[in-house]
Every structure is written in C-alpha cells, then in structure tokens.
Amino acid sequence: MLCGSCIRDNALVGALQRLGHEALLIPIYTPLRTDEDNVEVPRVFYGAINVYLQQRSQLFARLPAVLRHVLDRPGLLRRLPTDGAVDAARLGALALSMLQGQDGRQRLELDELTEWLRTEVRPEVIQLTNSLLLGLARSLRERLPDARIVCALQGEDLFLDDLREPWRGRVLDAMRERARDCDLYLATSDYYAGAMAELLALPRERVRTAKLGINLAGYPTRDAEPPERPFTIGYLARICHDKGAHVLLEAFRLLAAEHPPGSVRLRIAGYRAAKDRGYQKDLERRARRWGLGDAVELLGEVDRDGKLELLRSLHVFSVPTVYREPKGLPVLEAMATGVPVVQPAHGSFPEILERTGGGVLVPPDDPEALAQALGELMADGERRRELGQRGQLGVREHYAVEKVAEEALAVYREITGATQPPIVATAGCRSSAG
C-alpha cells in the first residue's frame, strides 16, 4: 500500500538532499511505495523473503550470500503478494525476533546492514523509521561508535494493540528494554510524544516532536471552490474501521436525509487491504440500503494525480479516525489544497488545527456531531473559504517539508555537535498499519 510513514520518510530525505546534505533512505523488508519521486537507495536490507525464511527455520540463516542477495532483489520483492503483510495477529514472533537484534533469527541481516553502513557510508546520524526496529540500535552503536542513533515514532501503538498475547506483552517488554539504546526519539506530534514516552517507559525529555513534512509540489493555490452542487465531502485514507470510514458514511446518511437527492456527494479513496474486505462490503451494503448508492463513490487507491484531482473536487474533507491518530498526513494534504477539514478532537488533530486554523473539531466517534459540523459548513460558503485559506497558509508555514527538514537538521546538529552532518535514515514497508 501507499504507506504514510514511507511517504513521510521519503519526503524528508528528499528535502535534505535538496538542501545539499548527504542523506540516504534505506529500504527495509521491501522497496518503498510512495506517490512521489522515490529517493531510496537501490538496495533492500532485511529482504522480506529472507526474513520470513529465517523466522521459519534457522537453516535459512546459513544460506550462501549469493542466494540471499538473489532473494533481496528489489524487482522480485515488488512482485510479492502483500495482502495481510502487516497483519499484527500473524507477526508476533517475527516482531519479537527483530527486537532481539543479535539474539534474534535475523542476525545475518543485521550483520550485513551494519557492515555496509560501517564500510560504505560511515554516517554521523542513523534514524530508524519506528520503534519496532529498535533491535538494530545496539549493534549499530557497537559497530559505529561515532554515530548517533535516533528513532522516529509514528504509529507503532496501533500494531501493538493488534498483537495477540503473549506476544504483545513480550514485544512491549523487548521494546522497553531496547529503548535505552537510542540517543533520542522523534515523534510525529506532541500527543504522540507523550503517549510513546509513557508506553516505552522513557523520560519525557528524551522524546521530541518532529512534525510531518509534506512535499507541496503540485498543490495549487485554491482561488475558488468547485461548483456548489453537489456539495462534495471527501475521505482519503486506508479504508478500514480504525480510520473511521463507517463514521463518515453514517454522518453522510444523516446529512443527505436533510437535503434533496443529488445535492450532496461522498467520495471515498484509499487502500483496500484483504483483511478489511468484509468491512468494505459492509460499507457498500449500507450505502445501498440507505438509498445512497448514487451519492457515494468508492474510488479505491489513487496515485498522486488521482489524489490531487480528488482533493480539488471537494468542499470539505474528513477522516474521522476512531483511534488516536499520531500523524494525520491526509488532513495536511487536504488543507494544502485549500479544503477545510472536520476531524475528531483526539490524537494529533487538535494540535494540527491549532497551528493551521484550517478546520473544525468534533467529538470522536460521533456521527451526529460530524453531520452537524458538515451541514454547518455546507450552509456557510464564506466560512468554508476562510478555513480553507487559513489551512493552506498554515500548512505552508508549519508543515512544508523544507521547513521540517531544517528543524530535523537542527536536532541532528545538536546531538552530534556538527554543523552539517551527513544523515542516514532507515525506512521501509512498516510492520504497523499506515
């Protein structure tokens, strides 16, 4: 799928490169999928096939290097079936093994990555893409003693919540034990910095906020809204229960009941995982049962052009997550296009809207409140345009990836004492939901 963390990491490293710094994006498990120019190095470490085989049997840890490298070819990994690949219910043993580092079953992969970094790159900063990769940190510190290890925090709690016992407790214990191996943690929001400091039993001062950055290339300045009819509401995220598509559909039903047929429309786009097919079919059944079949458009996954076309067609945007979202990338993308947003008042959304002024907060998991807010914006075009303009300016002021990259550089310089350190960011298809 198009993973929000991969998009975020790719945008950050691309901005660092444009600023003139030596920055590498290193894919883990599989090549990255983004909807922008991909800046990853053309080599995959911890290739998914080798990681899987080594987890199933230690015999595969003795495969000759030439065979392992064949299995790590990016072209082969891109063709792997991925449905269920980030289903936490299946991955408890593997997640624990990865966190065990040299004591886990993937030690051969760890040796190869650390040796490549030591001999070919010699970085001053290594940034892990999330705390499920903390098993790498100890070996990185030992073999690259001059490097500082930073770990991003951007959604791991959702993966942990989906783990079955005894794996959840064992994985969390391993994360807390390995957490001491990093110099600093960078969370995607103030909310998530506090939540993950508590979850990982870290002193709060060791976790800082490093805001999301989005690449604004292609996002036009919005001079006018689309035509008044139909009033169009949009959703762009993974189509699943956690992201709250069902909450938005119920709110849309309430809104549509108060207006003539054809006057309102809901456009839903996003990745459809196999494990969520039952959920998606239920959405379709509800829309038909409520007589909304012609008013609800399920687009599926869209590329960058499709995303921009969707956003330009909207009067308002909402992804009413039922969990506490740590990032909120689609919300930033909507506001960057000048579209006002209506979001639940939890997770990262309150601070995003406080910084940008680009939308309205409603109580979480409350279709009636969401429908009321959408209806008020439908009736007040002047307020919609004001919120849209504020959001567009706010995203450019606070979340443009070039500014966020400068903020990251300040942190890297602080922990290294350097003026312009080369950076290495490790990233990849995550072991948690995007």
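Which helix and which strand each supply at least two residues of the lining of the second largest pocket? In this predicted model, they are α11, spanning residues 245-256, and β7, spanning residues 264-269. The pocket itself has a volume of about 230 Å³. Its lining is made up of 18 residues, and those closest to the pocket centre are P261, G262, G291, L292 and A295. Sorted by class, the lining comprises 10 nonpolar, 5 polar and 3 charged residues. The largest share, 3 residues, is contributed by α11.

Because 10 of its 12 residues are buried, α11 is largely enclosed by the rest of the structure. The buried positions are A245, H246, V247, L248, L249, E250, A251, F252, L255 and A256. These buried residues pack against the strands β6 (231-236), β7 and β8 (296-300), and against the helices α12 (277-289) and α16 (367-379).

Is S131 buried or exposed? Its relative accessibility is 0%, and S131 therefore counts as buried, the cut-off being under 20%. Apart from neighbours within four places in sequence, S131 is in contact with L99, C151, A152, L153, E156, M175, M196 and L200.

Terms used
Residues numbered from 1 in each chain as written. Predicted model: local features only at pLDDT ≥ 70, side-chain atom pairs only at ≥ 80, totals over all residues. Heavy atoms only, no water. Buried < 20%, exposed > 50% of the residue type's maximum accessible area, 1.4 Å probe, protein only. Contact = heavy atoms within 4.5 Å. 1 Å grid on protein atoms, 1.4 Å probe; cavity = no way out; pocket = protein on both sides within 12 Å on 5 of 7 lines; lining within 4 Å. Points joined across faces, edges and corners; volume = space filled by probe spheres on them. Helix = DSSP H or I, 4+ residues; strand = E, 2+ residues; numbered from the N terminus. Nonpolar A, V, L, I, M, F, W, Y, C, P; charged D, E, K, R; others polar.
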